4 protein chains.
Amino acid sequence: MGNIFGEIFRVATFGESHGPAIGCVIDGCPAGLALEAADFAADMARRAPGNSTYASPRKEPDTVEILSGTFGGVTTGAPIALLIHNRDRRPDDYDNLARVLRPGHGDFTYMAKYGIRDHRGGGRASARETAARAAAGVVAKKILAQLKIEIAARVAAIGHIEIARGEDFAQNKAAAALIEDCMAAGDSIGSAIICEICGLPPGIGVPVFDKLSADLAKALMSIGGAAGIEFGAGFAAATRRASENNDGFIWQGGEICKTANNAGGIMAGISDGAKIRIKLGFKPPSSIAATQNTATTDGQNTEIAIKGRHDPVIAPRACVVAEAMAAIVLVNHIFRGLSDTMDKVKAAIANFPPYAKQ
Amino acid sequence: MGNIFGEIFRVATFGESHGPAIGCVIDGCPAGLALEAADFAADMARRAPGNSTYASPRKEPDTVEILSGTFGGVTTGAPIALLIHNRDRRPDDYDNLARVLRPGHGDFTYMAKYGIRDHRGGGRASARETAARAAAGVVAKKILAQLKIEIAARVAAIGHIEIARGEDFAQNKAAAALIEDCMAAGDSIGSAIICEICGLPPGIGVPVFDKLSADLAKALMSIGGAAGIEFGAGFAAATRRASENNDGFIWQGGEICKTANNAGGIMAGISDGAKIRIKLGFKPPSSIAATQNTATTDGQNTEIAIKGRHDPVIAPRACVVAEAMAAIVLVNHIFRGLSDTMDKVKAAIANFPPYAKQ
Amino acid sequence: MGNIFGEIFRVATFGESHGPAIGCVIDGCPAGLALEAADFAADMARRAPGNSTYASPRKEPDTVEILSGTFGGVTTGAPIALLIHNRDRRPDDYDNLARVLRPGHGDFTYMAKYGIRDHRGGGRASARETAARAAAGVVAKKILAQLKIEIAARVAAIGHIEIARGEDFAQNKAAAALIEDCMAAGDSIGSAIICEICGLPPGIGVPVFDKLSADLAKALMSIGGAAGIEFGAGFAAATRRASENNDGFIWQGGEICKTANNAGGIMAGISDGAKIRIKLGFKPPSSIAATQNTATTDGQNTEIAIKGRHDPVIAPRACVVAEAMAAIVLVNHIFRGLSDTMDKVKAAIANFPPYAKQ
Amino acid sequence: MGNIFGEIFRVATFGESHGPAIGCVIDGCPAGLALEAADFAADMARRAPGNSTYASPRKEPDTVEILSGTFGGVTTGAPIALLIHNRDRRPDDYDNLARVLRPGHGDFTYMAKYGIRDHRGGGRASARETAARAAAGVVAKKILAQLKIEIAARVAAIGHIEIARGEDFAQNKAAAALIEDCMAAGDSIGSAIICEICGLPPGIGVPVFDKLSADLAKALMSIGGAAGIEFGAGFAAATRRASENNDGFIWQGGEICKTANNAGGIMAGISDGAKIRIKLGFKPPSSIAATQNTATTDGQNTEIAIKGRHDPVIAPRACVVAEAMAAIVLVNHIFRGLSDTMDKVKAAIANFPPYAKQ
């Protein structure tokens, strides 16, 4: 349950870390979007393991196969099925985990919920699940690109080390040293990303329950390891006075502008046209090589040193996943907004292609 | 759009700040729950304005009328309509706002989205909307109470002043002084709450998109003014190593226990049986009496000093709303979990009352 | 559960036959639609009891009160709450039904499901529930009217007596005699309606599961007493050859036309621009004055002669309800279609009012 | 859009007739259900083409591959992805259809909606789409089998020829002769099926909009070619008096029984424990070899004789699809019913496995 996301542009994902394949079905993509397998390469490479000193050495080409929904390189409005085969499976790495509850992991909660779990590499709870999100995000971002909307996430912090805008965390000596120190110790480190959205027109979002901020919060907090999220000034706003925190308005050159952006581009749940700014904090990856005390499913206390191939830090590979989730939320809210007013509806119907009017 | 919340236990809310009434329709409440109008009094009073030195002086009795869904003081499974009349309406207080865009408010974004807005006291964007949430939350909390699950939110901070567990913010001299200082200056102050859930069994929640944490994040971030949210160790976890952050397991007295609770009671999106701990930060209320620069909808730059009756701080009245939203999420996840395994389904069917088997 | 209908334009209804009020909340209505209480009068009168020799004599003015969602007589995009008070309640008429299971009614199934029922006039299972549908339908039909789409339902048969297009069933001597004969015998009679939709452009609907025909079938079969539904040639098509049943195409005067309309205006789940034609059959109303054998909830076999005020035939008052349900489905499918193609999306965004672009 | 079905047990399907593969993702299947690839063979063979004189000669093994969601032959609660490769693709058969609008088909409406269509064998609109429904139905039926609920659909009529219960339509001389006559004439014939459900306990379903009958109507009317549906006495009830149509109740041997089943097992939208009986009528398949007049997308009137491999009648292969759709609806309604009463919820929680209580 809970593997389908979105209201109009909907994504159903499937697949376990060491099963034959993972993938997704996208329902509600408009017809007429150019889409081919090569479109996925760049984002899949950003997320793929094996591409960095500071990531799991598992080697997955993560080639995306389009099984349906396009004709002649263009989407048809039919559901788009995307398939990614798991090539570098090593389920035997996990034989010693069948009975052990890994600290920090979903092993215990999956057992409590389902009475059964696929222990091979975390099964469905593995970060490998996010490859399907990234693939779906490529389609969402292609739609947004046509509307001149851009999303970019970047590593904002490795542990206590902040990474400046435009800086590569791997080139930041303190950050690199921190990660290497953790790796040497068989440990891992927490991290944070900043995700920014530019070009979104004002008026996108929904009041009350489905606020744009609320839906983005759900989408981003659903990424494994997410521990906290802030919009705009975030928790800093919780310490301020309104006289310093309120974003005012001013007319300049015939256009209305905000005098500040503490709201982070969303006011009362609806975009205001300014840049949307979100910070997302991740706990350190739970799988570490160092020995930890823990318990088994059958009543024993034990020690575990986790084998397998794991990331020392979440943020670097999570950037593309965060972009994907944000993109899916934005596409949904844009589509939901098409019937916001009678004027919009009437203009849309009048814009139907001539063929459809006959 | 976006005024309906939940999957199985669903709440549709309606109503503007200065319209005749606000309320909600609850669909999916089980039959057999004792429910009468008096059940709402305590929580409605916690949220109501006019009950504190540090809250809006608007006087609303917030009496909840049950229009449907009960028979003989017990729910029947039919939708429960709850109605709260707006008694202390003063729409004329807002005449000067018809053309002015209040800084920090949804005036601009509502106009951008809908091309029209009910400017009287914020209309649908008013905090008055949360009275309907609180009413729905009473029903959700009554269900949880029968399952021995408790939710409690408390003020955690007023500006930079932290409020200890068990402490009344209004009795904290520094916090009270800070609020009073803001009120005297025609200003307002940011704040934070902590919401804790006890008694939830492990196994409640859903992996991947609808993680319990993700759904709680959406629910709580949908409360007006919310700027950030953390689960468990939250952003602090983003600075830690796994060796200090991982929650281990240990068998004690025949029961499995966690050795820490940095995860805040949710692992991989599913409850682990430990206390769920959430921190929610609020910006300062946007409506302040002090003069601010801003713009009008028709191209003028202007000044505004906002009249009307407003809160100097969000957290105190938001506690009951946060509890309500969390309760609605929990009821949904508990109900969704009833079909988690074939064993649960078969046992449930076997437990159908004899009458239904004939 | 199951009291909320629709995907984008959503309607939540509530209320029992002899409770204080019934009504609905409409979420997703576009802003900018003129709407006032007087708009509801005509359709509410068509559905109301007490207006015909051949309907229940219960006298309900069925005045609709708008509690929210409009400002200055125009919708704002906020949820529209509509309230209808039950004026002519006579719950005591039903005291003898607390333990008796009325033949043909939901008494037994409600007890099996919920273990409790509001026996006063059928409670939630009463046809009175449809007043809320009719009220919501008025809003949906106002939206469709602006798009030049018309829905009209008419009585097609009273028992075996067919009513011609344009004929008033009450003026058809055979039909009137049949109803009067049933009424005199303390009995009731089955009936049918035909619902037609004109002006719907081609291209509205969805393939596979949410076909326009499938969604209309659900909507109309959800009306109490519905026993069967046909689209276009319906069951007659099930006896034909394709050579006589296929609707061909032909270009005439620069427009593409169908050479027949056996499909009833829907091909492969999507509108083709021709008139949509639906036939809906209703069983005879279950509540009759004649004595029937039946059982009690506590193990007795008994006789019952049902008091209260009841209709001798469903079709006449169901026409407006069928129109309402069809209208809600159409509005949803039209809104869902606004993102069918990238061209539509891009044109819609370009059509956003200038204000929203700033 | 519209390719996802269900509320708790949800099915997302994908795939075109002549693309590389079709399939589905099932979200919400309980853990602990034995499931392996061989389970699909029987139902896939019932639906597959090429297995009968009276079906399309296209040869598809329709082997179902399980990509995810099981571990050791048992479902884990994770989404179940099912893949069926298209083996006998002949897209070139359809080259002459790129511009021609086939009579009775979705060609025109897909173009009107999407401005593009995959013309190869009907693309997404092909009956091949139903293979994914049948596969999902196998899983749903396995769940129902454990609850002792059985669904069986059978051919009820070929054109005007009725097929008796227990009779094989292919052995009915008149029916076989009718089909052969149509095939010889390059024509096709309408048909009907009857679908019956046994063993469903009373109390399953939902009042008002999501009546069990309404949801079944949507599910079955979403099958391509469906033209009409009846429940129980159906349209015959529309001609009867209540005194002959009402199902009464009687206590016999300590159990409550119905004295008739004109309601077809569903009263007021909720199952009453009696056999559910549904009749579904199909139009004749639109693709016929005989020459028909029609139009092209670019303004020409033309003739078409449809090549490719097509069925002369829908009912025989549709039985398993109808069973699948009905099964999915039932599983959803059973799962939705698990929280119908507080007693059910409390008993379910008390039945949670001991592990989950710790």
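Predicted model: local features only at pLDDT ≥ 70, side-chain atom pairs only at ≥ 80, totals over all residues.
## Where the chains touch

Let's start with the extent of the meeting. On the chain D side, 102 residues are in contact with 102 residues of chain C. The two chains bury about 7900 Å² between them, and 63% of that lies on carbon and sulfur atoms. Within chain D, the residues that lose the most area to chain C are D:K113, D:F209 and D:F249, which together make up 11% of what that side buries.

## Charged and polar links

Eight salt bridges are found across the interface of chain D and chain C. One of them joins C:D181 to D:R241, with the closest N and O atoms 2.6 Å apart. The interface also holds 47 residue pairs in polar contact. As for the make-up of the chain D side that touches chain C, its residues divide into 43 nonpolar, 38 polar and 21 charged.

## A strand pair across the interface

Strands take part as well. Strand β11 of chain C, residues 226-231, pairs with strand β11 of chain D, residues 226-231, in the antiparallel sense over three bridges. Here you can look for C:I229, whose bridge partner in β11(D) is D:I229.

## How the copies are related

Chain D can be superposed on chain C by a rotation of 180° with 0.0 Å of shift along its axis, giving an RMSD of 0.0 Å. The two copies are therefore related as by a two-fold rotation axis. In chain D, the C-alpha nearest the axis belongs to D:K218, 2.4 Å from it.

The contact surfaces fit this picture: 100% of the interface residues of chain D are also interface residues in chain C, so the copies meet through the same surface.

Methods
Residues numbered from 1 in each chain as written. Chains lettered and ligands numbered in written order. Heavy atoms only, no water. Contact = heavy atoms within 4.5 Å. Buried area = accessible area lost by both parts, 1.4 Å probe. Salt bridge = Lys/Arg side-chain N within 4 Å of Asp/Glu carboxyl O. Polar contact = N/O pair within 3.5 Å; in protein donor to acceptor, adjacent residues only side chain to side chain. Nonpolar A, V, L, I, M, F, W, Y, C, P; charged D, E, K, R; others polar. Pairing = 2+ DSSP bridges. Helix = DSSP H or I, 4+ residues; strand = E, 2+ residues; numbered from the N terminus. Least-squares fit on C-alpha atoms with pLDDT ≥ 70 in both.
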